[in-house]
Amino acid sequence: MVDMLIRLVKLALVLLLGGCMILLVFQRKLMYHPSSYSSEFAGLLEKTRIKRVEYKVANQAQVAFYIPAATLVEPTHLWVLFGGNAALALNWLSLVSAYPDPDVAFLLVDYPGYGYNEGTPTLKHNMEGANAAYAAFLKT
């Protein structure tokens, strides 16, 4: 009886460790769900005030989107928004367009590997992307 119990405990440990290894190996695929923009977004960008802000992360091309304040050349505030996991930055457009303060501008940023961006999303690349997008915006 004790021998059988030891075997069951060993089997449970092997299954648990195997499951942990699978999660470890595939964690990025389980965590990040990149998606790209459809062709309708390209047409939307041409018809609106949205400006592309181009920059690089890990030597790979990235694009953020700047929406200027409706009433001012210099906005009173700048909101920096990220699309988030399994979402895109331009998905914020409906909320941004309904924002009640016309003196506020928005910088919409996608993670590396999302939207039009090359690369892969990692914590390091996401942080670099945020800083690089803001720095590129300041140069425009």
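The following legends describe close-up views of a predicted model.

Local features need pLDDT of at least 70 and side-chain atom pairs count only at pLDDT 80 or more, whereas totals for chains, interfaces and linings use all residues. Residues are numbered from 1 along each chain as its sequence is written, and side-chain values use heavy atoms, with hydrogens and water left out.

View 1. A polar atom of its side chain lies 3.3 Å from the backbone oxygen of Gln 60. Beyond the neighbours within four places in sequence, Gln 62 is in contact with Val 53, Glu 54, Tyr 55, Lys 56, Val 57, Pro 112, Asn 117 and Glu 118 (heavy atoms within 4.5 Å).

**View 2. The ring pair of Tyr 37 and Phe 65.** The whole structure holds nine aromatic pairs (ring centres of Phe, Tyr or Trp, the last by its six-membered ring, within 6.5 Å). The centres of Tyr 37 and Phe 65 are 5.8 Å apart and their planes stand at 90 degrees, so this pair is edge-to-face (planes over 60 degrees apart). Tyr 37 belongs to the loop between helix H2 (27-31) and helix H3 (39-47), and Phe 65, 28 residues apart from Tyr 37, to strand E2. Tyr 37 is buried at 10% relative accessible area, as is Phe 65 at 0%.

**View 3. The cluster at Tyr 116.** Ring pairs join Tyr 116, Tyr 37 and Phe 65 into a cluster. The charged end of Arg 52 sits over the ring of Tyr 116, 5.5 Å from its centre (NZ of Lys or CZ of Arg within 6 Å of the ring centre and within 35 degrees of the ring normal).

Note on methods:
Polar contact = N/O pair within 3.5 Å; in protein donor to acceptor, adjacent residues only side chain to side chain. Phe/Tyr/Trp six-rings, centres within 6.5 Å; stacked < 30°, edge-to-face > 60°. Helix = DSSP H or I, 4+ residues; strand = E, 2+ residues; numbered from the N terminus. Buried < 20%, exposed > 50% of the residue type's maximum accessible area, 1.4 Å probe, protein only.
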